[in-house]
Amino acid sequence: MLSQIFTLLAWLAGPVTLLAVIDDWFLRPRRRLQAHAAAATEPVWARAVYLALPVVIIGAILRLLISERLDFSLVLVLVLFAAAAVWALDRLLLAPARARAASRAGLEPANQPLPVTVDYARSPLPVAALVLVLRSFVFEPFRIPSDSMMPTLQEGDFLVVNKFAYGLRLPVLNTRILELGEPQRGDVVVFHFPPDPAVNFIKRVVGLPGDTVRVRDDQLIINGLPVPLVDEGRYSDGCYLNMRLSTEQLGTHRHQTLSCHTIDDLRAAPVATCKRYIQQSYQCDDASRGVLPDRNDTITDLVVPPGHYLMIGDNRDNSLDGRFWGFVPEDHLVGRAARIWLNLPLGRSGWPDWRRFGKRIE
């Protein structure tokens with residue numbers, strides 16, 4: 001419901017802003033000059049436009065924030081360009097015209113108010129520039145949209161992504177201009193999804209360039225050596241039922257994984273314990289383990305090509321990852337996930353899990 005409201009406000013933002021600009025730059029100054037001897041009154045439609053303007057702008061911003069296909073750096077660059085263009089246009093053309101019109105009407109040009117839309121455009125310039133620099137070269141926020149990294153990350157976690165861990169890149173172009181490091185085995189990485197680069201994904205680095213990787217019964221085998229995996233019992237959270245919980249040592253990272261010996265889909269009929277707005281349950285039954293192959297095992301070795309990485313989710317049987325769509329090129333990397341700064345489970349009913357705030361990502 002909220003997403004639909006934000007979408008509607010985003011669609012209204014364009015025409016409302018255009019009406020405000022036309023009135024604020026051309027019609028409103030005339031009304032003020034004509035009524036300088038008396039109190040200037042705004043038409044009802046103009047008052048409605050100026051009241052709606054901040055509402056639709058905030059709605060459009062919120063819609064952008066929840067979008068999974070948003071190139072936020074491009075949005076910031078466009079905002080900076082538009083704000084600078086408005087400021088320059090007003091300073092070079094509109095402000096002198098307002099001053100001349102005020103002088104002809106016998107008013108003091110310096111006392112004429114700045115148009116609201118010009119003030120809106122001028123105010124965010126330094127803030128937008130600072131955010132663009134920080135987001136492009138230092139840290140970037142990221143929202144977990146799915147369960148593919150459970151139990152390490154949960155849907156509704158908001159992360160801080162370290163942008164300089166793998167080198168500094170130009171915003172929008174994503175061209176690396178300074179090498180500072182390379183992904184290490186076990187890093188949790190945000191990257192542009194190769195089949196659709198407009199979408200950002202998050203997975204764990206399993207294979208480095210030149211590695212040979214196979215998955216057998218949900219255990220990673222890298223360059224012929226099984227990755228240490230310790231069974232920790234069963235995991236249930238009301239929606240995931242009877243999953244196998246394990247601790248994996250991948251490089252320097254020690255983390256937990258979820259798995260289940262699956263032949264068909266894990267999805268099961270909704271159960272009352274699943275507190276999600278869209279109730280979807282996952283039931284694990286390992287009865288065929290050791291008898292039939294797991295459907296998520298890799299039948300052949302995956303050889304990681306130069307300049308690429310193999311990414312796999314910690315939720316081994318509910319993750320759309322490199323086992324199915326291939327490898328991630330180096331120039332698709334966004335950054336390394338560092339910490340959880342907020343937990344807001346939009347897909348689940350209930351309160352944020354305060355214990356996750358500030359948690360380091362292993």
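**Figure 1. The two disulfides of the predicted model.** A search of the whole structure finds two disulfides in this predicted model. When the bonded cysteines of the chain are numbered in sequence order, they pair as 1-3 and 2-4.

**Figure 2. Close-up of the disulfide formed by Cys239 and Cys274.** The sulfur atoms of Cys239 and Cys274 lie 2.1 Å apart, and the link, with 95° about the S-S bond, is right-handed. Cys239 sits in the loop between strand 10 (229-235) and strand 11 (240-241), while Cys274 sits in the loop between strand 14 (267-268) and strand 15 (281-283), so the pair ties together parts that are 35 residues apart in sequence. Both Cys239 and Cys274 are buried.

**Figure 3. Close-up of the disulfide formed by Cys260 and Cys284.** In this pair the sulfur atoms are 2.1 Å apart, and the disulfide is right-handed because the torsion about the S-S bond of Cys260 and Cys284 is about 95°. The link joins distant parts of the chain, with Cys260 in the loop between strand 13 (253-259) and strand 14 and Cys284 in the loop between strand 15 and strand 16 (302-303), 24 residues apart. Cys260 and Cys284 are both buried.

**Figure 4. The largest nonpolar core and the surroundings of Val189.** This core has 14 residues, of which Val189, Phe191, Met311 and Leu333 touch the most other members. Strand 5 (188-192), strand 6 (200-207) and strand 17 (308-312) are the elements that give two or more residues to the core. Leaving out residues up to four places away in sequence, Val189 touches Tyr166, Phe201, Ile202, Lys203, Val205, Met311, Leu333 and Gly335. A second, separate core consists of 13 residues, among them Leu153, Val188, Val190 and Ile340.

**Figure 5. Asp90 within helix 3.** Asp90 belongs to helix 3, which spans residues 72-104, and this residue counts as buried because its relative accessibility is 5%. Apart from neighbours within four places in sequence, Asp90 is in contact with Ala95, Pro96, Arg98, Leu114, Pro115 and Val118.

**Figure 6. A nonpolar patch on the surface.** Phe139, Phe164, Leu170, Ile177, Leu178 and Leu180 form this patch, and together they have about 510 Å² of accessible area. One of these residues, Leu178, lies in strand 4 (residues 176-178), and Leu178 counts as partly exposed because its relative accessibility is 42%.

**Figure 7. The chain as a whole.** The secondary structure of the chain comprises six helices and 19 strands, and 42% of its 362 residues count as buried. The accessible surface comes to about 19,000 Å², with 64% of that area belonging to carbon and sulfur atoms.

Methods:
Residues are numbered from 1 along each chain as its sequence is written. This is a predicted model: local features need pLDDT of at least 70, side-chain atom pairs count only at pLDDT 80 or more; totals for chains, interfaces and linings use all residues. Side-chain values use heavy atoms; hydrogens and water are left out. A nonpolar core is a set of buried Ala, Val, Leu, Ile, Met, Phe, Trp, Tyr and Cys residues joined through side-chain atoms within 4.5 Å. Buried means under 20% relative accessible area, exposed over 50%, partly exposed in between (1.4 Å probe, protein chains only). Helices (H or I, at least four residues) and strands (E, at least two) are DSSP runs, numbered from the N terminus. Contact means heavy atoms within 4.5 Å. Accessible areas come from the Shrake-Rupley method with a 1.4 Å probe; for residues, only the protein chains shown count as cover. Patches are made of residues with over 30% relative accessible area and no salt bridge: like charges are joined within 9 Å, nonpolar side chains (Val, Leu, Ile, Met, Phe, Trp, Tyr) within 5 Å. A salt bridge is a side-chain nitrogen of Lys or Arg within 4 Å of a carboxyl oxygen of Asp or Glu. A disulfide is a pair of cysteine sulfur atoms within 2.5 Å.
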